[in-house]
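Please look over the sequence and the model shown here before reading on. The paragraphs that follow go from a single pair of side chains to the whole chain.

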Amino acid sequence: MPDEQENPDPAAEDKTLISGRVRTSVRKRMKVYAAEHDLNLQDLLDEALDEYLKKRKA
(Lines give C-alpha, C1' and ligand atoms only; values in the text may rest on other atoms or scores of the structure.)
Protein backbone atom coordinates (compact mmCIF):
# COMPACT_ATOMS: atom_id res chain seq x y z
CA MET A 1 0.00 0.00 0.00
CA PRO A 2 1.65 3.27 -1.07
CA ASP A 3 2.21 6.00 1.48
CA GLU A 4 -0.38 8.71 0.74
CA GLN A 5 1.88 11.43 2.15
CA GLU A 6 4.42 10.78 -0.62
CA ASN A 7 1.92 11.65 -3.39
CA PRO A 8 3.01 15.08 -4.69
CA ASP A 9 -0.36 15.83 -6.37
CA PRO A 10 -3.36 15.38 -4.05
CA ALA A 11 -5.74 16.19 -6.93
CA ALA A 12 -4.55 13.06 -8.77
CA GLU A 13 -5.34 10.82 -5.82
CA ASP A 14 -8.55 8.75 -5.79
CA LYS A 15 -11.32 9.99 -3.53
CA THR A 16 -13.58 7.98 -1.24
CA LEU A 17 -16.89 8.76 0.40
CA ILE A 18 -17.00 9.34 4.15
CA SER A 19 -19.96 10.26 6.26
CA GLY A 20 -20.21 12.50 9.27
CA ARG A 21 -22.12 15.36 10.74
CA VAL A 22 -21.02 18.87 11.60
CA ARG A 23 -22.81 21.63 13.45
CA THR A 24 -25.06 23.79 11.28
CA SER A 25 -23.02 26.87 12.19
CA VAL A 26 -19.80 25.17 11.03
CA ARG A 27 -21.38 24.23 7.70
CA LYS A 28 -22.52 27.80 7.17
CA ARG A 29 -19.01 29.09 7.88
CA MET A 30 -17.58 26.49 5.51
CA LYS A 31 -19.95 27.57 2.74
CA VAL A 32 -19.08 31.25 3.17
CA TYR A 33 -15.34 30.56 3.28
CA ALA A 34 -15.53 28.26 0.26
CA ALA A 35 -17.47 30.83 -1.77
CA GLU A 36 -15.06 33.62 -0.82
CA HIS A 37 -12.06 31.50 -1.85
CA ASP A 38 -13.56 29.87 -4.95
CA LEU A 39 -13.52 26.36 -3.44
CA ASN A 40 -16.16 23.68 -3.27
CA LEU A 41 -17.04 22.16 0.11
CA GLN A 42 -15.42 18.83 -0.75
CA ASP A 43 -12.06 20.45 -1.48
CA LEU A 44 -12.30 22.66 1.60
CA LEU A 45 -13.05 19.69 3.82
CA ASP A 46 -10.22 17.65 2.27
CA GLU A 47 -7.71 20.48 2.80
CA ALA A 48 -8.91 21.14 6.36
CA LEU A 49 -8.69 17.50 7.42
CA ASP A 50 -5.30 17.08 5.75
CA GLU A 51 -3.93 20.14 7.57
CA TYR A 52 -5.40 18.94 10.88
CA LEU A 53 -3.80 15.51 10.51
CA LYS A 54 -0.42 16.89 9.40
CA LYS A 55 -0.28 19.11 12.49
CA ARG A 56 -0.77 15.99 14.60
CA LYS A 57 1.76 14.02 12.56
CA ALA A 58 -0.90 11.49 11.54
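How many residues apart are K55 and E51 in helix α2, and why does about one helical turn separate them? The two residues are 4 apart in helix α2, and therefore about one helical turn lies between K55 and E51. Their side chains meet in a salt bridge, with 3.5 Å from N to O, where a salt bridge is a side-chain nitrogen of Lys or Arg within 4 Å of a carboxyl oxygen of Asp or Glu. K55 has a relative accessible area of 59% and is exposed, whereas E51, with 46%, is partly exposed; here buried means under 20% relative accessible area, exposed over 50%, and partly exposed in between, with a 1.4 Å probe and protein chains only.

Before going further, note that this is a predicted model, in which local features need pLDDT of at least 70 and side-chain atom pairs count only at pLDDT 80 or more, while totals for chains, interfaces and linings use all residues. Residues are numbered from 1 along each chain as its sequence is written, and side-chain values use heavy atoms, with hydrogens and water left out.

A search of the whole structure finds 2 salt bridges, and one of them joins D50 to K54, whose closest N and O atoms are 3.1 Å apart. D50 and K54 also both lie in helix α2, 4 residues apart, or about one turn of the helix. D50 counts as partly exposed at 37% relative accessibility, and K54, with a relative accessible area of 55%, is exposed.

The wider fold can now be described. The secondary structure comes to 2 helices and 0 strands, these being DSSP runs numbered from the N terminus, with at least four residues of H or I for a helix and at least two of E for a strand. Helix α1 covers residues 24-36 and helix α2 residues 41-55, and the two pack at an angle of about 105° with their axes 9 Å apart. The axes are lines fitted to C-alpha atoms, for helices over the stretch in contact, and the angles run from 0 to 180 degrees between N-to-C directions. The helices α1 and α2 are therefore roughly perpendicular to each other, a description that applies to angles of 65 to 115 degrees, while angles under 35 count as roughly parallel, those over 145 as roughly antiparallel and the rest as oblique.

Where the helices touch, R27, M30, K31, Y33 and A34 of α1 meet L41, L44 and L45 of α2, contact meaning heavy atoms within 4.5 Å. The residues of this contact divide into 6 nonpolar, no polar and 2 charged; Ala, Val, Leu, Ile, Met, Phe, Trp, Tyr, Cys and Pro count as nonpolar, Asp, Glu, Lys and Arg as charged, and the others, Gly among them, as polar. K31 counts as partly exposed at 42% relative accessibility, and its C-alpha atom is separated by 9.2 Å from that of L44, 13 residues apart along the chain.

Most residues other than glycine have a negative phi. In the loop between α1 and α2 is D38, which has a positive phi near 55° and counts as exposed at 71% relative accessibility. In the segment after α2 is K57, which has a positive phi of about 55° although it is not a glycine, and which counts as exposed at 76% relative accessibility.

For the protein as a whole, buried residues make up 7% of the 58 residues.
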